Amino acid sequence: MRDIMLEFIYNLDLLMFATLGVCFLIFLLFLLLGFLFKKSFLSKFCFFCAFIGLFSTPFVIALSSQNFLFKLEILENHSRPLVFSQSFLIDITIKNMGKLKIKKCQFDIMPTRAQNSLKNKLLDLLNPLPRISYTFYEKIKKKSIKHLEKILPYNASKKDFKFSLNCR
């Protein structure tokens, strides 16, 4: 959980900070309206809207960045653990479908246990295996295609894996 929070703070840029500020101002506006309309239904409704706005802020930031601002299309993906060495090949071609230029992409490899039992699924949820992250500092313009390649050390080649690609 600590890694996720540090990664979120590291990836926070000026646009995301501005979105966070606007959502906080909406929260304050509804909160003040709630205090203004004392002892009425409108007061309760404003308090409800204020706290919904406050708790929905991270979801608004995540969904707007993934689905609108930095939307990606994966054209080719040949990423896999290599057989005769303890390494992982990242071989992926992506297209920037978003509204902004991408400056960096973070590729996360998450080894998983065999998903045949409930115990392994719970272990993956509560105590995941160590993950490997690599950040590509590549500038990708709007509507352009980029091919990313890298070989990383990877000791869990016998395990299943999931990967994620997050670009900003």
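Glutamate 138 and lysine 146 join their side chains in a salt bridge, at 3.1 Å from N to O. The term salt bridge stands here for a side-chain nitrogen of Lys or Arg within 4 Å of a carboxyl oxygen of Asp or Glu. Glutamate 138 is partly exposed, at a relative accessible area of 26%, and lysine 146 is partly exposed at 27%. The classes are set by relative accessible area: under 20% is buried, over 50% is exposed, and partly exposed lies in between (1.4 Å probe, protein chains only).

The model is a predicted one, in which local features need pLDDT of at least 70 and side-chain atom pairs count only at pLDDT 80 or more, while totals for chains, interfaces and linings use all residues. Residues are numbered from 1 along each chain as its sequence is written, and side-chain values use heavy atoms, with hydrogens and water left out.

The structure holds 3 salt bridges. Another of them pairs aspartate 108 with arginine 131, at 3.9 Å from N to O. Aspartate 108 sits in strand β4 and arginine 131 in the loop between α4 and β5 (132–136), so this contact ties together parts that are 23 residues apart in sequence. Helices (H or I, at least four residues) and strands (E, at least two) are DSSP runs, numbered from the N terminus. Aspartate 108 is buried, with a relative accessible area of 3%, whereas arginine 131 is partly exposed at 33%.

Arginine 113 and aspartate 124 also form a salt bridge, at 2.9 Å from N to O. This pair links distant parts of the chain, since arginine 113 belongs to the loop between β4 and α4 and aspartate 124 to helix α4, 11 residues apart. Both arginine 113 and aspartate 124 are buried.

Helix α4 (residues 118–126) also contains lysine 121, which is partly exposed at a relative accessible area of 45%. Between lysine 121 and lysine 101 there are 20 residues of sequence separation and 37 Å of space, C-alpha to C-alpha.

Leu36, Phe37, Phe41, Leu42, Phe45, Phe48 and Ile52 make a nonpolar surface patch of about 750 Å². Patches are made of residues with over 30% relative accessible area and no salt bridge, with like charges joined within 9 Å and nonpolar side chains (Val, Leu, Ile, Met, Phe, Trp, Tyr) within 5 Å. Accessible areas come from the Shrake-Rupley method with a 1.4 Å probe, and for residues only the protein chains shown count as cover. Helix α3 gives the most to the nonpolar patch, with 5 residues. Phenylalanine 41 lies in this helix and counts as exposed at 67% relative accessibility.

A positive surface patch is formed by Lys71, Lys99, Lys142 and Lys143. Lys and Arg count as positive and Asp and Glu as negative, with His and the chain ends not counted; the place of a charge is taken as NZ of Lys, CZ of Arg, CG of Asp or CD of Glu.
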